[in-house]
Amino acid sequence: MEHINEQELILKYNRVYGQVIRQERRKRKLSLEELSSGILSRTALEKVEKGKTQWTKLTGDTLMLRMGVLPEYFESLSSGEELDRWRMREDICLLVPGKPEAAEEKLKEYREKYIKREPLEEQFLLKAEVILMLSHVEAKLRSALYQGQKTQEQAHIKNEAAAILDKARQAADCTIQGDWEQYLAKRWLSPGELEAVLLVSAALFLDGSEDRAWALWQSVWEYPQANNWKERAMVMILPQAAALGIRQACASGKPAGSPVMPGLPGESIGSRGREALEMLRRNGCHCYVLPLLDALCGLDAMAFGMQGYLEQVREFRDMFRIVYEWFGYPGYRIWQGISVDNTRDVGTVLKMLRKFYGISRENAVFDGNELVVTPRQLEKIEKGIHKPSYENYNRLAKQYGKYGGWNMPLLETDSAEILALRQRISTLLEYNKWEQAEWEIRRFRSMVNPAYPRVKQELLFFDAILKQKKEGALQESLEMMLEALHCTVPDFEGGDMKWWVYQREEIMIASNIGSLYRRLGNMDAAKEWLEAVLSSLEENSLRTGICNYGYDVVAESYDNYLGDIFCFDRAVEISENTVLKDLLYFRINGIQRLFYHIAWNVHEAVIEKPEEYELFRQKRRKAFQISNVLAEFMFDTHLKAFLKSQETEYLS
């Protein structure tokens, strides 16, 4: 950070992502071989660190997660095929374990369509197959127990257990090399890889090897903390570990208040389940929340060491069941080790930028000096059929003022600590914790270089939010927001805003601009801004079906605009659609407000449709109650207090 010219040169060619990996690797005294083991070669990782090569998001995210660093601090571009693979894996996730036959068909389709696969892809497919096998065995045991034939069925299952254990070990072996069962702590693993180890533990339980199963389970549970992971990374593995531990403890007759491992100090099964749930709550996540809540509900109230906790757990479980049923979403599903809400398709990005600037394909293929690709090749890139090289993408994007390849940090920094601090400030501002936010912003200022465009943008955005929410200075906030946006966005004059490729912070700022125009009474400007950003995000997701980060913020602002112009049915439709999009990802921060918006718009709509009063009243009550329980789940005390003041009107 000392030599600005050198840093800007590095940023221009987007080597910061590699710098972060190298810095974090060296901080942990890791060799290139140790970090890359089982995923890619030492030479390939060295090229990634130097910013000389492109890589898939699956590989890049796993490298970061092996060190407990969250990929959400970065924005990514991926090829069409890469996102198609992610989409098909996501389809598998939504089918396993609830729809086993459909899941098996989709797994077969994936293997046939993509013959050449990364080790991490193969690991995912094998994990899904193991889960299906385990679910099948559990169903047979439940059926045998119901028919009074448990002993007879257990003898048959013993043979199946060996096959499941073998496949679970194959899954782990895809990326974890050596004698990992004995020396797990010495490996560098991501949450997705730890899930493979957890499945080996589950298979050992089924095979009757309880001591080995508990030892492996304990290793997985202790791994994140022993390796200094951030809590936002821990939440990707500990909930499913806790759910498995509770189920196995109950099946083996182990008291929920007893230590996990006989003769070893440590917390009880029940307290570890509570720890995992509280971690989900603090981070606004719902991955594996329903299996964990179901497992916790099977324990005695004394297992938690906290009066009234079991009642709260049951309330959360009932609420999530209602939400999942309402939106037809599988509460029992598996999750990929990565998320793509911060990822865009490289072809769509090039197409949108070209349309924003009004350039034909014939002109867009020149970088000012020579032909980069042919117009026909560019057409195929834009459609996601072809993938440009790392160098060619940079040359094509440069004419639009866009620099950087496949991964870019949210700020111009090579420090994961600064990126994590930025995330913390955003969370504090979201929950109206002004004093804490201001203290962290002062610390943030001392650690960054305000001369960099995206750092300057972030500081202006923080100040504008405080002006708006703390002081109520709407006009001043609007002016600061516009200044912040144009740190990285050109003047829209002459260009159609809906074709601009809004990056993560630009989405937040532009949606706030639209919201401020609405609150200042300029409804035409509010409509123009909010619809442009929504159109841009929808264009980005049109081919892949991926909803980008920030969509819910824009949708919430647009919902407010629709309410102001009395389009209540459309507002309800927007909010419900956004809830469904939010459920697809680990974090559901903000979903509690969306349910209040549904309740409010239904409440207002009934005035125009008195004949549907009873139907509307039931929906209003349900949405309001869900919002209230979700606010409790998320520790959203500000919304909780507001909802308390509205109970009489909405629950009557």
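This is a chat about a predicted model of one protein chain.

User: How many helices and strands does the chain have?

Analyst: The predicted model shows a chain with 31 helices and three strands. The radius of gyration is 26 Å, close to the 26 Å that the globule rule gives for 652 residues, so the chain is as compact as a globular protein of that length.

User: And what does the C-alpha trace span along its principal axes?

Analyst: Along those axes the C-alpha trace covers about 75 × 65 × 45 Å.

User: What share of the residues counts as buried?

Analyst: Of the 652 residues in the chain, 58% count as buried.

User: What part of the contacts comes from residues 24 or more positions apart?

Analyst: Taking the contacts in the chain with a separation of 6 or more, residues 24 or more positions apart account for 72%.

User: Switching to charge, how many positive and negative side chains are there?

Analyst: The chain carries 87 positive and 96 negative side chains, and the centres of these two sets lie 3 Å apart.

User: What is the mean pLDDT of the chain?

Analyst: The mean pLDDT is 88, and 93% of the residues reach 70 or more. Among the elements of the chain, helix α7 has the highest mean pLDDT, at 97, whereas helix α1, residues 4-12, has the lowest, at 43.

User: Where does pLDDT stay under 50?

Analyst: One such stretch is residues 1-10, for which the model has 13 contacts beyond four places in sequence. Another is residues 262-266, where the pLDDT is below 50 and the model has four contacts beyond near neighbours in sequence.

User: Now helix α15: how many of its residues are buried?

Analyst: Nine of the nine residues of helix α15, which runs over residues 289-297, are buried, so this helix is largely enclosed by the rest of the structure. The buried residues include D294 and C297 as well as V289, L290 and P291.

User: Which helices do those buried residues of α15 pack against?

Analyst: They pack against α13 (238-251), α14 (269-282), α16 (309-326) and α30.

User: Let's turn to the backbone; which peptide bond is cis?

Analyst: The peptide bond from V96 to P97 is cis, with omega near 0 degrees. P97 is placed in the loop between α6 (80-95) and α7 (100-113).

User: What is the phi of F566, and where is that residue placed?

Analyst: F566 has a positive phi of about 65 degrees although it is not a glycine, and F566 sits in the loop between α27 (551-564) and α28 (568-583). With a relative accessibility of 57%, F566 counts as exposed.

User: What about the phi of F635?

Analyst: F635 also has a positive phi, of about 60 degrees, although it is not a glycine. The place of F635 is in the loop between α30 (613-633) and α31 (637-650). At 36% relative accessibility, F635 counts as partly exposed.

Key. Residues are numbered from 1 along each chain as its sequence is written. This is a predicted model: local features need pLDDT of at least 70, side-chain atom pairs count only at pLDDT 80 or more; totals for chains, interfaces and linings use all residues. Side-chain values use heavy atoms; hydrogens and water are left out. Helices (H or I, at least four residues) and strands (E, at least two) are DSSP runs, numbered from the N terminus. The radius of gyration is taken over C-alpha atoms; the globule rule is 2.2 Å times the number of residues to the power 0.38. Buried means under 20% relative accessible area, exposed over 50%, partly exposed in between (1.4 Å probe, protein chains only). Contact means heavy atoms within 4.5 Å. Lys and Arg count as positive and Asp and Glu as negative; His and the chain ends are not counted. The place of a charge is taken as NZ of Lys, CZ of Arg, CG of Asp or CD of Glu. pLDDT is the predictor's confidence in each residue, from 0 to 100.
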